[in-house]
Amino acid sequence: QVQLVESGGGLVQAGGSLRLSCAASGSILSINAMGWYRQAPGKQRELVAAITSSGSPNYADSVRGRFTISRDNAKNTVYLQMNSLKLEDTAVYYCNAAGVRVTTTFRRKDYWGQGTQVTVSS
């Protein structure tokens with residue numbers, strides 16, 4: 001089995017910063033892409049940022065220029081540096097690993113973390 005564990009969420013004032021981490025564990029051979037999604041109350045889950053195994057990032061328009069995603073392939077870990085946080089960034093942030101190859105099967109699968117709460121206050 002593959003598990004994703006997020007950390008780094010919490011309460012921060014508007015304009016502040018947080019750094020989220022997500023570590024994937026298990027019998028992992030490779031992960032095509034890792035990313036962060038978020039879901040606020042009453043809203044759909046949305047992509048925040050994603051990064052390929054080669055290091056190519058993609059960002060939602062709402063966070064581009066404020067957030068930075070990075071990845072340590074050797075540790076199967078993805079990070080999200082969040083700067084200039086706004087009230088509308090408040091959400092549960094979920095880590096995603098896409099196209100995960102494990103030792104027990106040739107089929108690639110996607111996995112999700114349990115989520116970490118980020119609350120931005122005024």
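1. The disulfide. In this predicted model, a disulfide joins C22 to C95, with an S to S distance of 2.0 Å. A search of the whole structure finds one such link. For a reader new to the term, a disulfide is a covalent bond between the sulfur atoms of two cysteines. The angle about the S-S bond is -85 degrees, and the link of C22 and C95 is accordingly described as left-handed. The pair connects distant parts of the chain: C22 belongs to strand β3 (residues 18–25), whereas C95 belongs to strand β9, and 73 residues separate the two.

2. Burial of the two cysteines. Are C22 and C95 buried or exposed? C22 has a relative accessibility of 0%, and because buried means under 20%, C22 counts as buried. C95 likewise has a relative accessible area of 0% and is therefore buried.

3. Residue N76. This asparagine lies in the loop between β7 (67–72) and β8 (77–82). Its relative accessible area is 18%; the cut-off for burial is under 20%, so N76 is classed as buried. Which residues does N76 touch, once those up to four places away in sequence are set aside? They are C22, A23, A24, I28, I31 and M34. One of these, C22, is a partner in the disulfide described above.

4. Backbone angles at N76 and S84. Most residues other than glycine have a negative phi. N76, however, has a phi near 50 degrees, a positive value in a residue other than glycine. S84 also has a positive phi, of about 50 degrees, although S84 is not a glycine. The location of S84 is the loop between β8 and β9. With a relative accessible area of 40%, S84 is partly exposed, because that class covers values between 20% and 50%.

5. Residue R107. Where is R107 found? This arginine is in the loop between β9 (91–102) and β10 (109–112). Its relative accessibility is 64%, and since exposed means over 50%, R107 counts as exposed. R107 and G35 are 72 residues apart along the chain, and their C-alpha atoms are separated by 20 Å.

6. Overall architecture. How many helices and strands does the protein have? There are zero helices and eleven strands. Read along the sequence, the pattern is β-β-β-β-β-β-β-β-β-β-β. The radius of gyration is 14 Å, close to the 14 Å that the globule rule gives for 122 residues, so the protein is as compact as a globular protein of that length. Along its principal axes, the C-alpha trace spans about 50 × 25 × 20 Å.

7. Of the contacts in the protein with a separation of 6 or more, 57% are between residues 24 or more positions apart. Buried residues make up 42% of the 122 residues. The accessible surface of the protein comes to about 6600 Å², and carbon and sulfur atoms contribute 47% of this area.

8. Charges. The protein carries 13 positive and 7 negative charges. The mean position of the positive charges and that of the negative charges are 6 Å apart.

Terms used
Residues numbered from 1 in each chain as written. Predicted model: local features only at pLDDT ≥ 70, side-chain atom pairs only at ≥ 80, totals over all residues. Heavy atoms only, no water. Helix = DSSP H or I, 4+ residues; strand = E, 2+ residues; numbered from the N terminus. Buried < 20%, exposed > 50% of the residue type's maximum accessible area, 1.4 Å probe, protein only. Disulfide = S-S within 2.5 Å. Contact = heavy atoms within 4.5 Å. Rg over C-alpha atoms; globule rule 2.2 N^0.38 Å. Areas by Shrake-Rupley, 256 points an atom, 1.4 Å probe, with all protein chains shown as cover. Lys, Arg positive; Asp, Glu negative; His and termini not counted. Charge placed at Lys NZ, Arg CZ, Asp CG, Glu CD.
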